[in-house]
Amino acid sequence: MDLELLIDALVAGLLLGGFYGALSLGLAIAFGLLDVPHIAHPAFALLGAYGAVLMQGWFGLDPVLSGLILALPFYALGVAVYSFYHTTFERRGTDAGLRGLAFFFGVAFVAEVILILLFGIDQRGVRAPYIGRALVLGEFRLPWRMLVASGVALAIAGAMALWLSRTYVGRAVQAVAQDATALSLLGADPVRVKRIGFGIATASVALSGALLVVVGPVEPGLARIYIGKVFAIVVLAGLGSVGGTVLAALLLGVIESVMLSSPVASWTPAVAFGLLLAVLGLRPQGLFGR
Amino acid sequence: MPDLSVTDLHAGYGAVRVLHGVSLNVRHGETVALLGTNGNGKSTLMKCLAGLLRPSGGQILLDGKLELGDVPPQDVVAAGISLVPEGRRLFPRLSVEENLVLGAFRSEARATMYEELEKAWETFPVLREKRRQVAGSLSGGQQQMVAIARALMACPRVLLVDEPSVGLAPILVAQVIDILAQLKAERGLTVLMAEQNFQQAARIADRGYVLVHGEVAFNGSMAELTESEAVRVLYLGV
Ligand SMILES: Nc1ncnc2c1ncn2[C@@H]1O[C@H](COP(=O)(O)OP(=O)(O)OP(=O)(O)O)[C@@H](O)[C@H]1O
Ligand SMILES: [Mg+2]
């Protein structure tokens, strides 16, 4: 591979990784910090994407703006889903993990069916000034849609890191999976803390979902291809680390992108799992976990 | 009027009955030791007091009026009682400072968080040096200090401490007890401390209760306990 192609692939990979980061951050909270096996996370992102499609159809809104507006109802959705999960599964104890997995698998399935019923199986997209154009820097063409996705990803990461480290509830979200009983002895209600944490994670998914349809057209089955990637990123990162999640996402983006322009391109979809297995074997606390 | 009074308390875990009618009281400003060897129900009583375990019978009253037997831990903290739990239970992957700040989670405690944090650094200078380290990396004695400091961040009137000496070298045990004595003198805290280490407990406690098989086998001033060889040999193994 010549150098120019390699640099091209690296840059494209960083942008792709930024987008992956946006998709993974909510899961870093829901799974990494709150221990909820939320495999419906990409499905929620897809709901956010279709939400942006609808908002554009109805009001002609920009998808990123729609994502911001949708964050509010998504917060409520997260609170409702967690409350249901808690009362029916988590509170019952021991096998909650496995049964919870089944629950969220069901939620993802229902979300997909609803999308098929409402929108059909055809691809849907949105229009925006930054879609379909590129920033040309000498030899390089950087698609604006990817630049926007990466920029928004960094904004989400920054906001999340601040929230986790500077607010009482954010700190409690970090603490609750480490020792919920100890947290209750400090005057916090662990269930309420998890509810808020899951709400925030889901709110962020509205925005990253909007990025999904900025990056490319969506169809109802799209969420499935992201499940493996986002879980790989969150585990690679070291559960619950915001900075680690961004770095792991960039790493995956770069590796996938470089592989795509290499002779072994057909192996690209296996990269996420390969990386995950390698890291779990060598460094179980994740690349950036403490 | 006693600050904290427990009357005929019964508690256990499912079919396992552990406490069989325990009564005790801790008066304002007192330090009371809860003595007894392994498995006699000290921690079970502490859990009932902190709201972690629901008693099956009896009564827990704060200031003679507030019923605490059936409320969640958050409400116990709000009422002014904080527990330093058995095994310390820090958040191991959070920094020392983050652990302490979380101690001020209650909205009333947040207002005084910075002052309390400063007080904590003064009481535990070694923790100030390590405030950015994750709590899990500290030594046992330092972790115990974090646990005590974290509980104090809620500004409790009554501090419950469950076996602060467990797993610590003798010199560290003495250090932790010194700190409790200092806190008692400086802040007029009311303290109930579960402890197996009779000599160390005797250094700060005014009175003691000896728990045997979930019942109070003996209670009296620490002086009386020290004199009664029968009690010490039979129940405390010292
Ligand atoms: N979670 C639990 N489930 C069932 N039984 C328990 C549980 N915790 C404690 N027990 C039992 O209750 C009894 C009293 O235990 P407890 O922890 O109150 O004793 P302790 O006086 O604090 O002992 P130690 O000095 O070892 O801490 C013991 O027989 C113990 O096995
Ligand atoms: Mg105990």
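Contact is taken here to mean heavy atoms within 4.5 Å. The structure is a predicted model, in which local features need pLDDT of at least 70 and side-chain atom pairs count only at pLDDT 80 or more, while totals for chains, interfaces and linings use all residues. Residues are numbered from 1 along each chain as its sequence is written, chains are lettered from A in the order in which they are written, and side-chain values use heavy atoms, with hydrogens and water left out.

B:Arg150 belongs to helix 7 of chain B, residues 140–152, helices being DSSP runs (H or I) of at least four residues and strands runs (E) of at least two, numbered from the N terminus. Leaving aside residues up to four places away in sequence, B:Arg150 touches residues of both chains, including A:Ala182, A:Leu186, B:Leu90, B:Phe91 and B:Gly103. Polar atoms of the B:Arg150 side chain lie 2.8 Å from the backbone oxygen of B:Arg89 and 3.4 Å from that of B:Arg88.

Elsewhere in chain B, four strands make up an open antiparallel sheet in the order 2-1-4-5, pairing being assigned where DSSP finds at least two bridges between two strands. Strand 2 (16–26) and strand 5 (66–67) form its edges, each pairing on one side only. Strand 1 (residues 4–13) is joined to strand 4 (residues 57–62) by five bridges, and B:His10 has B:Gly57 as its bridge partner.

Conventions:
A polar contact is a pair of N or O atoms within 3.5 Å; within protein, one must be able to donate a hydrogen and the other to accept it, and residues adjacent in sequence count only if both atoms are side-chain atoms.
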